[in-house]
Amino acid sequence: MTLAAPAYVFGGGDAREQHRLLAAAYDPMTLPRLAETGVDGGWRCLDVGTGGGTVAGWLAHRVGPAGAVLATDLTPVTPSVTRHDITRDPLPDNAFDLIVARLVLRHLPARDEVLGRLARALRPGGWLQVDETDTTYQPCLAAPDLALYERFLAARDAVMARSGVDGDYGRRVAALMRGAGLVGVEPVSAVEVWRAGSPGLELLAHTTVRLRDGLVAAGMTDRQLAEVRELLAHPYFRASSSVFYSVHGRRPGQGRP
Ligand SMILES: C[S@@+](CC[C@H](N)C(=O)[O-])C[C@H]1O[C@@H](n2cnc3c(N)ncnc32)[C@H](O)[C@@H]1O
């Protein structure tokens, strides 16, 4: 008997606010990193699990009319996004100069196979950029109620784990990309201090809404979730962000200059 993979943890409901916050929190790291590849006019690109599509939109501007950007998602939110399940729908081999996948693979139990597919979909010399976090490191630094924050993170991690999310995936991406046959694998990492109003912290606060049912099933009450939102907005609250990793690798062979 084959067990079905667990459903995407953020599936269902309105994802627009989550996508807005993801772009605010992570585009400032993802886009300059993409620029480092030299992506330019005429390149053919793929943005896997594009979400709100800001990364694909930035790429489309870079590659211009001579290039092409395929933006895919399991649940497209705009008509310009192609419905495509990266775990099972066909993907052409040797097709792309650049593939980017941000905060997608961590959600997929078949993430190792998917990484192999992405590597094969690159043209010789093509770039893969995988941006992922390690959410097992995001300690609280100052707060009126430290225990509440830790309790919330533990409940969030339990909900994620039940849905097959790999919380510390980010720290393993570079080694996995080497294992998938890519060369020139180069990770960079970033950590920042979150305070009220930080996009990353707002994204975390939004999790109390997006994952409400799972968090309640994991033992939190609606009152505690409201208190978590108050805590994250408190002027004294400080926490370290999770670790963000952006990893580059290239398919061996001669690519674009
Ligand atoms: C956390 S969001 C990240 C969105 C976007 N990459 C970003 O960083 O802003 C994960 C995205 O992956 C998509 N997704 C989940 N499972 C997928 C699958 N099997 N194939 C394609 N996309 C998937 C979700 O619909 C969602 O848009």
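The model is predicted, so local features need pLDDT of at least 70 and side-chain atom pairs count only at pLDDT 80 or more, while totals for chains, interfaces and linings use all residues. Residues are numbered from 1 along each chain as its sequence is written, and side-chain values use heavy atoms, leaving out hydrogens and water.

**The ligand and its surroundings**

- Around the ligand there are 17 residues, with Gly49, Asp73, Asp85, Ile86 and Arg102 the closest; a residue is near if one of its heavy atoms lies within 4 Å.
- This shell divides into seven nonpolar, seven polar and three charged residues (Ala, Val, Leu, Ile, Met, Phe, Trp, Tyr, Cys and Pro count as nonpolar, Asp, Glu, Lys and Arg as charged, and the others, Gly among them, as polar).
- Asp85 places a polar side-chain atom 2.8 Å from a nitrogen atom of the ligand, and a backbone N or O atom of Leu74 lies 3.2 Å from a ligand nitrogen atom.
- In the side chain of Arg102, an N or O atom is 2.6 Å from an oxygen atom of the ligand.
- On its own the ligand has 600 Å² of accessible area, and the protein covers 95% of it (areas come from the Shrake-Rupley method with a 1.4 Å probe).

**Helix H4 with helix H8**

- Helix H4 spans residues 146–162 and helix H8 residues 222–232; their axes come within 10 Å and cross at roughly 115 degrees (axes are lines fitted to C-alpha atoms over the stretch in contact, and angles run from 0 to 180 degrees between N-to-C directions).
- Helices here are DSSP runs (H or I) of at least four residues, numbered from the N terminus.
- Leu148, Tyr149, Arg151 and Phe152 of H4 make the contact with Gln224, Glu227, Val228, Leu231 and Leu232 of H8, where contact means heavy atoms within 4.5 Å.
- By class, this H4 and H8 contact has six nonpolar, one polar and two charged residues.

**Helix H4 with helix H6**

- H4 also packs with helix H6 (residues 199–210), at an angle of about 60 degrees and with the axes 12 Å apart.
- Tyr149, Phe152, Leu153 and Arg156 of H4 meet Leu204, Thr207 and Thr208 of H6.
- The contact of H4 with H6 has four nonpolar, two polar and one charged residues.

How values were computed. Helices (H or I, at least four residues) and strands (E, at least two) are DSSP runs, numbered from the N terminus. A polar contact is a pair of N or O atoms within 3.5 Å; within protein, one must be able to donate a hydrogen and the other to accept it, and residues adjacent in sequence count only if both atoms are side-chain atoms.
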